[in-house]
Amino acid sequence: RIALVSTLEDGVLVTADGNSDLSPRGRMAVETPAMRNPLALLKARGARTVSFTPRGHARIGATSVDLVEMKVGGHLTSLAFEHSSGRLLRQTYQAVPGDDIQGEIVVTFADFQRTEGGLVYPRASRAEVDGRLMSETRISRVRVNEALDSALFPAPESAAQRAGGEPSRR
């Protein structure tokens, strides 16, 4: 068993035999999916490797939006926020080399509803690649900070622990 841990400034491969730094290519493989997640992007906004560039205003249908380009490390995404509410309505980015899909990916968010915990969350999203439907998602229920049984996430036993020794540290 292994774990890949990547922060905005570092990456580590964790194995039963110890830890080692991730190569730049390894970090990119771990970061790319995370940096396409709107919540991960917005949580990263205070990091030193993040920059924002205002790109003006536009309309999505009848809705006025503010356009922002966000760069996180080597990842670039364009975000369209509803002018009146600040809600993220659209995210646009280029597929990276090595992805199964190539082209411009546009994800549109809709049906915003308030959760029991007060978070306003989009219950629907639609992703298109160069104008062709890639996926549609519909979320029926969102629970925020729900208590989870720790048995759902057992810690893996390392090879050293199985052998009766201590895990090594590198």
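**Entry 1: R141.** I started with R141, which is exposed, its relative accessible area being 55%. For my burial labels, buried is under 20% relative accessible area, exposed is over 50% and partly exposed is in between, with a 1.4 Å probe and protein chains only. I worked from a predicted model, where local features need pLDDT of at least 70 and side-chain atom pairs count only at pLDDT 80 or more, while totals for chains, interfaces and linings use all residues. Residues are numbered from 1 along each chain as its sequence is written, and side-chain values use heavy atoms, with hydrogens and water left out.

R141 sits in the loop that joins β10 to α3 (159–162). I then checked its distance to Q113: the two are 28 residues apart in sequence, yet their C-alpha atoms are 9.8 Å apart.

**Entry 2: the whole chain.** I found three helices and 10 strands in the protein chain. Helices (H or I, at least four residues) and strands (E, at least two) are DSSP runs, numbered from the N terminus. Read from the N terminus, the order is β-β-β-α-α-β-β-β-β-β-β-β-α. The chain has 170 residues, and 27% of them count as buried.

I also looked at contacts (heavy atoms within 4.5 Å). Among those in the chain with a separation of 6 or more, 27% join residues 24 or more positions apart.

**Entry 3: R114.** Next came R114, in strand β8. R114 is exposed, at 58% relative accessible area. With residues up to four places away in sequence set aside, R114 touches L119, V120 and R123. I also noted that the R114 side chain comes to 2.9 Å from the backbone oxygen of G118. Along the chain, R114 and V142 are 28 residues apart, but 9.1 Å separates their C-alpha atoms.

**Entry 4: two positive phi values.** Which residues did I note for a positive phi? One is D111, with phi near 55°, and another is D130, with phi near 50°; neither is a glycine. Most residues other than glycine have a negative phi, so I wrote these down.

D111 belongs to strand β8 and counts as partly exposed, with 28% relative accessibility. D130 is in the loop between β9 and β10. D130 is also partly exposed, at 46%.

**Entry 5: S84.** I went on to the loop between β6 and β7, where S84 is located. Is S84 buried or exposed? S84 is exposed, at 67% relative accessibility. From S84 to V65 I read 8.2 Å, C-alpha to C-alpha, for residues 19 apart in sequence.

**Entry 6: the largest nonpolar core.** Here I looked for buried Ala, Val, Leu, Ile, Met, Phe, Trp, Tyr and Cys residues joined through side-chain atoms within 4.5 Å. The largest such core holds 21 residues, and M70, L79, I105 and V107 touch the most other members. β4 (50–60), β5 (63–72), β6 (75–82), β7, β8 and β9 each give two or more residues to this core.

I took a second look at L79. Beyond its neighbours within four places in sequence, L79 is in contact with L41, L42, D66, L67, V68, M70, L88, R90 and Q91.

**Entry 7: the largest pocket.** A pocket is an open set of points on a 1 Å grid over the protein atoms alone, where a 1.4 Å probe fits and protein lies on both sides within 12 Å along at least five of seven lines; lining residues have an atom within 4 Å of a point.

I counted 28 residues in its lining, with P38, L39, F109, Y121 and P122 nearest the centre. The elements that give two or more residues to this lining are α2 (38–43), β7 (88–94), β8 (104–114), β9 (120–129) and β10 (132–138). Which element gives the largest share? That is β9, with seven residues.

By class, the lining has 18 nonpolar, five polar and five charged residues. Ala, Val, Leu, Ile, Met, Phe, Trp, Tyr, Cys and Pro count as nonpolar, Asp, Glu, Lys and Arg as charged, and the others, Gly among them, as polar.

Key:
A polar contact is a pair of N or O atoms within 3.5 Å; within protein, one must be able to donate a hydrogen and the other to accept it, and residues adjacent in sequence count only if both atoms are side-chain atoms.
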